[in-house]
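Here is a short briefing to read with the model open beside you. Take a moment to look it over, then come back to the notes.

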Amino acid sequence: MGSRASTLLREEEIEEIKKETGFSHSQITRLYSRFTSLDKGENGTLSREDFQRIPELAINPLGDRIINAFFPEGEDQVNFRGFMRTLAHFRPIEDNEKNKNATTSEPLNSRTNKLLFAFRLYDLDRDDKISRDELLQVLRMMVGVNISDEQLGSIADRTIQEADTNGDNSISFNEFIKVLEKVDVEQKMSIRFLH
Amino acid sequence: MFLSLCPFDNLVCILLGISFTVWFTLLLVFIIVPAIFGVSFGIRRLYMKTLLKIFEWATLRIERGAKEKNHPLYKPYSNAIIAREPTSLEQEIKEIRRSGSNRDFDSASEFEMSDIFYFARRGVESIMDDEVTKRFSAEELESWNLLTRSNYNFHYISLRLTVLWGLGLLIRYGFLLPLRVTLAFTGVGLLVFLTSVIGLLPNGSLPAGENKPKNGGICVANHTSPIDVIILASDGCYAMVGQIHGGLMGVIQRSMVKACPHIWFERSEVKDRHLVAKRLSDHVEDKSKLPILIFPEGTCINNTSVMMFKKGSFEIGATVYPVAIKYDPRFGDAFWNSSKFGMVNYLLRMMSSWAIVCSVWYLPPMSREEGEDAVQFANRVKAAIARQGGLVDLLWDGGLKRGKVKDTFKEEQQKLYSKMLVGTQEDRSRS
C-alpha cells in the first residue's frame, strides 16, 4: 500500500528530482507511490525481479531489455533517483522546452536522448555500436520462433546495409539518428500523464 | 496490607460483575436478539450518516492544511494515471513507420528500426502503471476516513484533526473492537453448539426468494475477503467448497459439516481437477442438497475489479446464480491481502474499522448456451457481475498475485509482430 509513500520522500529530494527530470511535484509523488508498491523487499531499491512481477511487462517481448535499461552497468539494484532518471526519457516534450538554448544541459527527454534509449535497447554490449549479431538477437526476441534464421538474417543484413554509411558493418548512434530522422520520436516515445 | 486490599478487591469484583452483566444484556438486547429476528433500530443508518459527514470535514481540513503550506496534495486515483491508447500492435507500428518514411504506400517494408519504439513505450507504460498489480493491494481512497492505514498526507493534519483521530481511535479500539470480539466469541460458540444440535434434526426446506440460488445450482460471486462468505451465508444456506484448514477455521469447518453437507477438500485433492469436478457434479445432482457457493477467481481481489473466473465450476452444466458483492470502502476496507496480513491481523483490522458496508446483488440465473464453451460462459457470467457491481472486468488471472504470467501471452505478441514482418513478404511475392 502506498500509505507511507509521500511522507518518506523529503521535499528537498522532490525538488532535486524535479530539476533533474522535469516531472511535476504530483507526478513525482505518484511515481514514488508506484515505486514503493513495486518494492516488495521494502529496502528502497528495485531489483530485476520486482520489475518482472509486472505481468504486462513480463509478456512484452523486449521486457528484459527494457528492465535492463534501468540498471547501470554491473548493478543489480536501482534506487528511486535512477528509476526517475530512466522514466524521464519518456516525458513528453513541452512546447516551451523546444526552444531551450544549448547552454543549458540537454534535458533527459530530448529527442536525442529518446533515440539514445531506443539505441541502447539494441546495443547489447554497450559498446555504442549495433553489430549484426546484436541486431539478430534483438530481432529474435521480438519475433520468437515464428521466423526462420535465414529470413531473420536477411532482414538484419538489409537493415544494416540501409543504415551503415561508414562501411564498418555496424550501426553507430549517429547512423541510427540519421535513419530515424523523419520519425515522430517526440510523440511515439512519450507517455502522457492524465493529471 | 492484605486486609486493606480485601474490601477494595470486593468492590472491584462487584463493579466488574455489574459491568459484565450490563454489557452482555446490552449486547443481547440491541444486537443479538434483533439480528435473530431481523429487526433493525435504524441506529446503523444514523451511524453511517454521521461518519460520512465527519470524513468530509476531515478531508476538507487536510486540503486546507495543504493549501496553507502551498503544497499540492497527494490525490490517489485508482483509475489510470497515464494515458494509454487501446491501439493494437499492428496499428501502432504502422503509424510509427508511416511517420518515418517518405514513401506513400502503406509501409511495405518488412522491418524498421523504429519498430522498437512500440515495445519500449508499452513496456515503460506498464512500469508506470499496470492493470494487474494494483488489484492485489487495498484501494486508495480520495477522502480520509480517519484510519491511519489509509492516510497519505500526514503532514497536513491540524491539531483539531489529530484530536478527532484520537477520539476515533478510542471509539474504535475501546468500544467497537471489544464489542465485536465479544460478539465473535459468542457467535462462534453458539455456532459450534447449535450446529451440533441441528445435526440431530431432520432435513428442512429452504426459503426461495427471487433469484436466490436454489438447490442443485451453483452460486458464484466475486471474492474480496472471508466476510463474503459470512454475508452470503447469513442470507441463505449454501454448501461451501474449499480447502480444509487447520486451527480455528478448521473447527468452524468441521462444525458446519454437521449441520449440512459441505464439500471440503484436502490440499492434495484440489490439484486433481477431475476429482473436484466429480464431487461438485455429484452434489449438484442431488436435489436435496444445498446450492454450492464458489468463488471462481480463486483468490481475494481488492474489490475494484473482477479477475479471470476459473472454468471448473462452469463445466459442470448446472444453473449458475451470479452474485455481485461490492464493499463501500469509505468505512473500512474489507480486502484481505493474504500475502501481507495473516488471518488474525486481518480480523483485528476488520473489527477496529468503523464499519463494513457492502451491497449484494442477486442476479438472474444463467446457464450455458448452445455452442458456448465453459470459458466463454465463465466470461459471460463475469461480465454480468462486473457490470452490476461497477467493477472493472479483467481477463487477467487472479493467480498472478502469487504466480508468474504464462509464456503463451508473450508468444502471442511475438506471433503478431512476426506477421507484420513476414506478412509483407507474401504480399511482395504475390505482386
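This is a predicted model: local features need pLDDT of at least 70, side-chain atom pairs count only at pLDDT 80 or more; totals for chains, interfaces and linings use all residues.

Residues are numbered from 1 along each chain as its sequence is written, chains are lettered from A and ligands numbered from 1 in the order in which they are written, and side-chain values use heavy atoms, with hydrogens and water left out.

**Chain A overall**

- Chain A holds 13 helices and four strands; helices (H or I, at least four residues) and strands (E, at least two) are DSSP runs, numbered from the N terminus.
- Along the principal axes, the C-alpha atoms of chain A fill a box of roughly 55 × 40 × 30 Å.
- Of the 195 residues in chain A, 50% are buried (buried means under 20% relative accessible area, exposed over 50%, partly exposed in between, with a 1.4 Å probe and protein chains only).
- Among contacts in chain A with a separation of 6 or more, 56% join residues 24 or more positions apart, a contact being heavy atoms within 4.5 Å.
- Carbon and sulfur atoms provide 46% of the accessible surface of chain A, which comes to about 9,400 Å² (Shrake-Rupley method, 1.4 Å probe).

**Annotated spans**

- An unreviewed UniProt entry gives the annotation "domain: EF-hand" to residues 26–61, 110–145 and 151–186 of chain A; such annotations may be inferred rather than shown by experiment.
- Residues 26–61 of chain A are 61% helix and 6% strand, with end C-alpha atoms 31 Å apart.
- For residues 151–186 of chain A, the figures are 61% helix and 6% strand, and the end C-alpha atoms lie 32 Å apart.

**Positive phi values**

- A:R126, a residue other than glycine, has a positive phi near 55 degrees; A:R126 sits in the loop between helix 9 (111–122) and strand 3 (129–130) of chain A.
- A:R126 counts as partly exposed because its relative accessibility is 35%.
- B:N303 also has a positive phi, near 70 degrees, and lies in the loop between strand 4 (292–294) and strand 5 (305–306) of chain B.
- With a relative accessible area of 4%, B:N303 is buried.

**Cysteines**

- Over all chains the count of disulfides is zero, where a disulfide is a pair of cysteine sulfur atoms within 2.5 Å.
- B:C219 is buried at 0% relative accessibility, and B:C300 is buried with a relative accessible area of 7%.
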